[in-house]
Amino acid sequence: MTDMPVSALSACVHFVDDWDSVLNESYGGDSDGVVLDCARRLAADPAGEEAYAWTLGLVMMATYVGRFSGPGVVAAVLEALHATDRRLRDRPCAHRTHPYEGDLDDRLDHFVDDLPLLTNGLAEDEDAEWEDDATKEQWLCPRDIAGYARVAVDIIAPGSVGGIPPRLPARDARRAEDLRSIVWDYPSAAVDPGRELYAYAMSLSADPTGEQRAGLVVILHAACWYAASGRIRDKRVLDTMIDALEAVLPGFGDASCPHGTGVEGAGEYEHPEVRKDTAEQATVGIHLLSPGGRGVYRHWQREGLETAPLEAWLCPAFLATIAREALDHLRTGRGRLFGIRHTAYLDEVLVRPDGRLDIDRLTCAVRRRCRDGQAAEDAGLWAARRFAAGPADPRERAVLLLVACWSVTSGEEPPPEAVHRDLRAILGTVDAAPLGEPCPHGDAHPWQQLAELVRGRHFGFHEDPYGDHLNHLYAPDEYDTPERPFAPGEWSCPRHLAERARLALRGIDG
């Protein structure tokens with residue numbers, strides 16, 4: 001097989017474009033048919049002159065086979081590949097290295113161009129199109145073809161074969177990309193963050209002492225900040241993550257370690273830094289899930305990359321520490337998002353000794369949502385609860401209702417369940433009848449006009465007009481008259497207040 005006849009060139013020329021289309025998920029025909037044709041040709045002569053072509057073709061299509069192929073395809077492909085491996089792996093060979101031992105990801109995109117060149121009759125120095133570091137003889141060596149057969153098997157059935165370089169399974173490579181998009185807070189279009197994190201948590205709950213324990217704990221720790229941020233509105237996701245971490249902790253016992261203490265034989269490494277780069281941490285977690293991924297991580301260390309030793313990530317004491325940290329954060333987040341939100345503490349902050357509102361503090365809390373979202377939520381909920389208590393001053397009632405509505409409409413996301421429950425109940429009591437009745441102001445109510453003002457100009461952080469207007473509405477003697485003032489009757493117009501409540505309810509319901 002190291003001296004292939006030029007006639008074998010046809011094996012690639014006629015099929016390689018189809019294989020490449022299957023690789024890139026752009027084939028417009030029957031992909032299973034293309035795969036099965038290649039597998040049958042290999043099975044018919046697993047050590048023949050054209051075995052190199054069919055084997056490398058199956059390498060190109062292996063990811064498709066493992067992910068999308070129909071019934072019977074995987075079995076036929078694996079049978080052909082195993083046959084080639086058995087027939088060729090022990091053939092005599094004088095090469096020190098082979099292409100299959102290198103990084104497949106660096107080479108795979110070039111297969112479509114390089115495969116037809118392997119048997120075009122030109123030596124490497126005569127072939128201007130040949131750019132690979134390995135020689136054609138190394139590529140066509142029986143042991144290389146056997147090696148690539150094992151690589152294809154590993155892509156289709158990760159961990160089922162040995163004798164190949166460590167490689168992150170294709171499925172895990174996709175999972176790492178999806179997980180990074182989640183912790184970056186830019187989930188890919190096809191990614192459901194809640195479903196992804198739920199799946200990892202369920203895997204840990206199902207086997208809290210298994211081989212994937214370390215990777216899953218690292219993943220859940222990397223993602224706990226996102227999960228507790230309010231982005232995920234399904235309480236079951238946080239509950240399942242918490243249950244998984246509670247289940248894994250007993251397995252660590254009272255784990256302790258001497259790492260970094262200078263004790264002889266303890267190792268001179270410290271535990272890995274976490275929370276510095278959660279996307280990198282999530283990627284490491286994915287690599288810890290499989291033997292191939294761990295092998296790739298060790299390769300990074302051998303290459304001198306700035307990574308903590310693999311043993312540091314697997315240290316039970318380290319894993320117990322980050323599991324507890326993630327658990328504490330998730331429990332706190334669950335209470336904040338889905339528990340009872342207490343706001344009584346704001347009575348001393350937002351009510352002056354004379355019983356009147358500290359209106360500037362109240363409006364500033366909502367205005368500064370981008371700095372402290374929970375403070376804005378609490379202020380809006382506090383205002384709604386005080387409104388529901390029925391203060392006698394009609395001006396205060398109007399201001400409280402407007403602040404409660406503003407706390408919802410100023411956010412990009414609906415409020416969490418802990419806030420949503422009471423807000424919806426309280427705002428739902430606002431009389432909606434005026435929405436269908438005429439009023440002297442038509443559609444020119446204050447909030448709509450301020451919205452037009454904001455759209456037409458850029459206001460700095462401390463120049464937000466809503467807060468200035470609400471301050472002046474409540475305490476006109478204490479605050480300067482804002483630009484484009486409105487009469488109190490315009491603010492407290494029943495239709496205006498009903499409009500604000502309706503829009504806030506829409507925001508609450510997403």
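In this predicted model, the sulfur of Cys 439 lies 3.9 Å from the closest cysteine sulfur, that of Cys 493. This separation is too far for a bond. A disulfide would require the two sulfur atoms to be within 2.5 Å. Cys 439 counts as buried, at 18% relative accessibility. The count of disulfides comes to zero. Cys 405 is likewise in no disulfide. For Cys 405, the nearest cysteine sulfur is again that of Cys 493, at 14 Å. Cys 405 is buried, with a relative accessible area of 0%.

The fold is helical. The chain has 26 helices and zero strands. Its radius of gyration is 32 Å, well over the 24 Å that the globule rule gives for 510 residues. The chain is therefore more spread out than a compact globule. Along the principal axes, the C-alpha trace spans about 95 × 60 × 40 Å. Of the 510 residues, 49% are buried. The accessible surface comes to about 24500 Å². Carbon and sulfur atoms account for 48% of that surface. Contacts were also examined by sequence separation. Among those between residues at least 6 apart, 74% join residues at least 24 apart.

Helix α13 was examined in detail. At 1.5 Å a residue, its 14 residues should span 20 Å. The end C-alpha atoms of α13 are 20 Å apart, in agreement with that expectation. Buried residues of α13 include Val 237, Leu 238, Met 241, Ile 242, Leu 245 and Val 248. Asp 239, Thr 240 and Ala 244 are also buried in this helix. The buried residues of α13 pack against α11 (193-206), α12 (213-227) and α17.

Side chains of opposite charge can pair when their charged atoms come close. A search of the whole structure finds 26 salt bridges. One of them joins the side chains of Arg 331 and Glu 246, with an N to O distance of 2.8 Å. Arg 331 lies in helix α17 (residues 316-338) and Glu 246 in helix α13 (residues 235-248), so the pair ties together parts that are 85 residues apart in sequence. Helix α17 is also among the packing partners of the buried residues of α13. Arg 331 has a relative accessibility of 36%, and Glu 246 has a relative accessible area of 32%.

A salt bridge also forms between the side chains of Arg 298 and Glu 311, at 3.0 Å from N to O. Arg 298 sits in helix α15 (residues 291-302) and Glu 311 in helix α16 (residues 310-314). These two residues are 13 apart in the chain. Arg 298 counts as partly exposed at 36% relative accessibility. Glu 311 is partly exposed at 34%.

Loops take part as well. The side chains of Glu 478 and Arg 352 meet in a salt bridge of 3.1 Å, N to O. Glu 478 belongs to the loop between α24 (465-474) and α25 (488-491). Arg 352 belongs to the loop between α18 (347-350) and α19 (359-367). The pair links parts of the chain that are 126 residues apart. Glu 478 is partly exposed, with a relative accessible area of 43%. Arg 352 is partly exposed at 26%. Elsewhere, salt bridges that share partners join Asp 85, Arg 89 and Arg 150 into one network.

Conventions
Residues are numbered from 1 along each chain as its sequence is written. This is a predicted model: local features need pLDDT of at least 70, side-chain atom pairs count only at pLDDT 80 or more; totals for chains, interfaces and linings use all residues. Side-chain values use heavy atoms; hydrogens and water are left out. A salt bridge is a side-chain nitrogen of Lys or Arg within 4 Å of a carboxyl oxygen of Asp or Glu. Helices (H or I, at least four residues) and strands (E, at least two) are DSSP runs, numbered from the N terminus. Buried means under 20% relative accessible area, exposed over 50%, partly exposed in between (1.4 Å probe, protein chains only). The expected span of a helix is 1.5 Å times one less than its number of residues. Contact means heavy atoms within 4.5 Å. The radius of gyration is taken over C-alpha atoms; the globule rule is 2.2 Å times the number of residues to the power 0.38. Accessible areas come from the Shrake-Rupley method with a 1.4 Å probe; for residues, only the protein chains shown count as cover.
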